[in-house]
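User: I am new to this structure. Please walk me through it in short steps.

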Amino acid sequence: MTIPTSTYRIQFRNGMTFDRAAGLVPYLKRLGISHLYASPVFTATTGSTHGYDVTDANEIEPTIGGREGFDRMVKALKDAGLGLILDIVPNHMAASLENPWWRDVIEHGANSRYARHFDIDWTRRLTLPFLGDTFETVLENGEITVKPDPGTGKPALAYYDSYYPLNPETWQGREAQVLAITDKQAIAALHDRQPYQLISWRDAPRSLSYRRFFEITGLAGVRVEDDAVFDDSHRLILDLVHSGAVDGLRVDHVDGLADPKA
């Protein structure tokens, strides 16, 4: 590992891939930098322009080259005598249905394997502030229905292009009957039996049940102060460091962690 003397930051995504960055290595070498400083490269929400809305901290974003492209860039850097610094995001993850951990929490509530991975108040139902109006209003307008999730085929509460999974205990063994529900009162009753509560985005400041990144409800706080959560969310990051592929880490929003000094 070498100590950085000067860095050049590259923002990946928006057309910037690992192979394109590898092609810039001769130019970076001539500039006299010691390390490439990379924006977050782990899998984030579809169309993310920055990568801070991570959905899988243990996978490198496929759209910018995936692990193979990353390894090619690292080799190009090493061959030129340059190092790599990665921007990592331990404080939060995307509160998105694309995030398998978050999705599992929505589906299984406090019984989810990842229920304690996020900073959630489990004394009440998980609030999901992603509706354009109150649940009652959008239901009355016919904007919430029961449909099979296109990705899993399981029954879900559908709100436009979002499919919120139903807790298995509320539908298993009677899938056909649940999918046949169209009565608004029955849909409301089904919603009331879920471990989550769909609410208006306007109600987030006073009703949110999870810690978020500042005022961004789409970024849920992660409890990295818990050793098991730390290990789960840093598996790939630490492998890259220990293998020598990565020389340093820039820790995003370190002041938001429970114990920044540690």
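The questions below go from the whole chain to single side chains.

User: How many helices and strands are in the chain, and what box do the C-alpha atoms fill?
Analyst: This is a predicted model. The chain has 9 helices and 14 strands. Along the principal axes, its C-alpha atoms fill a box of roughly 70 × 35 × 35 Å.

User: What share of the residues is buried?
Analyst: A residue counts as buried under 20% relative accessible area. The chain has 262 residues, and the buried share is 50%.

User: Of the contacts between residues at least 6 apart in sequence, what share joins residues at least 24 apart?
Analyst: Contact here means heavy atoms within 4.5 Å. Among contacts between residues at least 6 apart in sequence, the share joining residues at least 24 apart is 68%.

User: How many aromatic pairs are there, and what kind do phenylalanine 12 and phenylalanine 18 form?
Analyst: The structure holds 8 aromatic pairs. In the pair of phenylalanine 12 and phenylalanine 18, the centres are 5.1 Å apart and the planes make an angle of 50°. Planes under 30 degrees apart would be stacked and over 60 edge-to-face, so the rest count as tilted. This pair is therefore tilted.

User: Why is the pair of phenylalanine 18 and phenylalanine 70 edge-to-face?
Analyst: The ring centres of phenylalanine 18 and phenylalanine 70 lie 5.6 Å apart. An angle over 60 degrees counts as edge-to-face. The pair is edge-to-face because its planes stand at 80°.

User: Which helices does that pair link, and how many residues apart are the partners?
Analyst: Phenylalanine 18 sits in helix H1 (residues 18-23) and phenylalanine 70 in helix H3 (residues 66-79). The pair links distant parts of the chain, with partners 52 residues apart.

User: Is phenylalanine 12 buried or exposed?
Analyst: Ring pairs put Phe12 in a cluster with Phe18 and Phe70. Phenylalanine 18 and phenylalanine 70 are both buried. Phenylalanine 12 has 0% relative accessibility, so this residue is buried.

User: Where does aspartate 53 lie, and which side chain of opposite charge is nearest?
Analyst: Aspartate 53 is in the loop between strand E3 (42-44) and strand E4 (54-60). A salt bridge needs the charged atoms within 4 Å. Aspartate 53 is buried and has no salt bridge. The nearest side chain of opposite charge is 6.0 Å away: arginine 13.

User: With which side chain does the side chain of aspartate 53 make a polar contact?
Analyst: Leaving out residues up to four places away in sequence, aspartate 53 touches several residues, among them Ala44, Ser48 and Leu219. At 2.5 Å, its side chain makes a polar contact with the side chain of threonine 45.

Terms used: Residues are numbered from 1 along each chain as its sequence is written. Side-chain values use heavy atoms; hydrogens and water are left out. Rings of Phe, Tyr and Trp (its six-membered ring) pair if their centres lie within 6.5 Å; planes under 30 degrees apart count as stacked, over 60 as edge-to-face and the rest as tilted. Buried means under 20% relative accessible area, exposed over 50%, partly exposed in between (1.4 Å probe, protein chains only). Helices (H or I, at least four residues) and strands (E, at least two) are DSSP runs, numbered from the N terminus. Lys and Arg count as positive and Asp and Glu as negative; His and the chain ends are not counted. A polar contact is a pair of N or O atoms within 3.5 Å; within protein, one must be able to donate a hydrogen and the other to accept it, and residues adjacent in sequence count only if both atoms are side-chain atoms.
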